[in-house]
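Hello,

Here is the structure you asked for, with my notes on what turned up in it. The notes follow the coordinates.

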Amino acid sequence: MEGATARTALRSPILTLKRARSLRRRMTQPEAMLWVRLRQRLPDQPAFRRQHPIGPYILDFFCAAAGLCVEVDGSGHGEEAQVAHDERRDAWLKAQGIVVYRVLASSVFVNADEVADGARIFALELMAQRQ
């Protein structure tokens, strides 16, 4: 029954699912730049989803095999209210066994390939730990 309880906690409300679909159509520029690189299904590389709903939250990018959430943080993430929200969200995701990997939007603008490679490498490391 434990597995069923965990899966239920990860299900998202209908409004969250609809919002995720909408966000997929309106990604920010750094999210779109990163998605172009993460969406490629390369052999022996982890697969990522974009704007993936989990529980009450929508993750920018998610690798299910690694339990990895990649978040692209813009300038608003430095504001006090947003920092508090991010901390609550990260704690909830951690309790679900999901690791959060935060990258600055400015880093994506500077070198999106390097950011995507970093996310893939981290995902592979997490996948190796799970075996």
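F61 has a relative accessible area of 0%, so in this predicted model F61 counts as buried. Its ring pairs with that of W35: the centres are 6.0 Å apart and the planes sit at 15°, so the two are stacked. This pair links distant parts of the chain, with W35 in helix α3 (residues 29–38) and F61 in strand β2 (residues 57–63), 26 residues apart. W35 is also buried, because its relative accessibility is 12% and the limit for buried is under 20%. The count of aromatic pairs comes to three.

Helix α3

Besides W35, the buried residues of α3 are P30, E31, L34 and L38. These residues lie on the same side of α3, because they cover an arc of only 135° around the axis. They pack against β1, β2, β3 (68–73) and α5 (105–130). A polar contact of 3.3 Å joins the side chain of E31 to that of Q51, which belongs to strand β1 (residues 49–54). Q51 is buried too, at 2% relative accessible area.

Salt bridges

The whole structure has six salt bridges. One of them joins D113 and R37, with the closest N and O atoms 2.6 Å apart. D113 is in helix α5 and R37 in helix α3, so this bridge ties together parts that are 76 residues apart in sequence. Both ends are partly exposed: D113 has a relative accessible area of 43%, and R37 has 23%.

R89 lies in helix α4 (residues 80–95) and E71 in strand β3, 18 residues apart.

R102 and D90 form another salt bridge, at 2.9 Å from N to O. Here R102 is in strand β4 (residues 99–104) and D90 in helix α4, 12 residues apart. R102 is partly exposed at 27% relative accessibility, and D90 is partly exposed at 22%. Salt bridges with shared partners join D73, D86, D90 and R102 into one network.

Cysteines

How many disulfides does a search of the whole structure find? The search finds zero. C63 is buried, with 0% relative accessibility, and C69 is likewise buried at 0%.

Regards

Methods: Residues are numbered from 1 along each chain as its sequence is written. This is a predicted model: local features need pLDDT of at least 70, side-chain atom pairs count only at pLDDT 80 or more; totals for chains, interfaces and linings use all residues. Side-chain values use heavy atoms; hydrogens and water are left out. A disulfide is a pair of cysteine sulfur atoms within 2.5 Å. Buried means under 20% relative accessible area, exposed over 50%, partly exposed in between (1.4 Å probe, protein chains only). Rings of Phe, Tyr and Trp (its six-membered ring) pair if their centres lie within 6.5 Å; planes under 30 degrees apart count as stacked, over 60 as edge-to-face and the rest as tilted. Helices (H or I, at least four residues) and strands (E, at least two) are DSSP runs, numbered from the N terminus. A polar contact is a pair of N or O atoms within 3.5 Å; within protein, one must be able to donate a hydrogen and the other to accept it, and residues adjacent in sequence count only if both atoms are side-chain atoms. The arc is that of the directions from the helix axis to the C-beta atoms. Contact means heavy atoms within 4.5 Å. A salt bridge is a side-chain nitrogen of Lys or Arg within 4 Å of a carboxyl oxygen of Asp or Glu.
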